[in-house]
Amino acid sequence: MTLPTSIDVAQSLAALEITYLSYEHPPLANCDVAKSIGLERKGVGLKNLFLRDNYGKRHFLVITLAEKQLDLKTLSKQQGVSRLGFCSTERLAKYLKVKPGCVSALAINNDESQQVELWLDKELEGATLWQCHPFENDKTWVIKLSDLQRFWSHTGHRPSWVSLPTR
């Protein structure tokens, strides 16, 4: 299976007349790598988690602050979902069509059958500029939240703003 590229998502954004700031940098496997190399970019740094319920029937893209450590057990109870856990590389490829380390708010574009629920940290409601990988972790695009909301609406996804518990 060929995975979508930054060119594909750039075309989707252009069709909606959404602009972004673009940064190129060494590949970032996770938020800690960006911090360790002292990477400076506009916008809020985000942690993107692709989770599933215990039965593998429901899938969630959870977006929170880069430094936040979530308590998945408490989140499961709070949201009435059977034990949340991380998705496998195979599920990531199947549902969001990106490689590990490349998950971002833009990956929801690849969930054409709306099988992934989008949960956004309530603490991010006031953040105007969001850092997103465009399916590749050697690039960061900074996009206005209002534009992301229009983008998600276009993909058929309605995000839920959730108070995410920490460990």
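Me: What should I know about the model before we start?
Reply: It's a predicted model, where local features need pLDDT of at least 70, side-chain atom pairs count only at pLDDT 80 or more, and totals for chains, interfaces and linings use all residues. Residues are numbered from 1 along each chain as its sequence is written, and side-chain values use heavy atoms, with hydrogens and water left out.

Me: How many salt bridges does a search of the whole structure find?
Reply: Seven. A salt bridge here is a side-chain nitrogen of Lys or Arg within 4 Å of a carboxyl oxygen of Asp or Glu.

Me: Which residue does Asp-147 meet in a salt bridge?
Reply: Arg-150, at 3.0 Å from N to O. Both sit in helix 5 (residues 145-155), three residues apart, about one turn of the helix. Helices are DSSP runs of H or I with at least four residues, strands are runs of E with at least two, and both are numbered from the N terminus.

Me: Is Asp-147 buried or exposed?
Reply: Buried, at 12% relative accessibility, while Arg-150 is partly exposed at 36%. Buried means under 20% relative accessible area, exposed over 50%, and partly exposed in between (1.4 Å probe, protein chains only).

Me: Which residues do salt bridges with shared partners join into one network?
Reply: Lys-68, Asp-121 and Glu-123.

Me: And what does Glu-136 pair with?
Reply: Lys-139, with the closest N and O atoms 2.7 Å apart. Lys-139 counts as buried, at 17% relative accessibility.

Me: Switching to helix 3. Which residues are buried there?
Reply: In helix 3 (residues 72-79), those are Leu-72, Leu-75 and Ser-76. They're on the same side of helix 3, because they cover an arc of only 105 degrees around the axis. That arc is taken from the directions from the helix axis to the C-beta atoms.

Me: What's on the face turned away from the buried side?
Reply: Exposed Lys-73 and Lys-77.

Me: What covers the buried residues of helix 3?
Reply: The cover includes strand 2 (46-52), strand 4 (85-86), strand 5 (116-121) and strand 8 (160-162). Contact there means heavy atoms within 4.5 Å.

Me: Where does Gly-80 sit?
Reply: Just after helix 3, with a positive phi of about 65 degrees.
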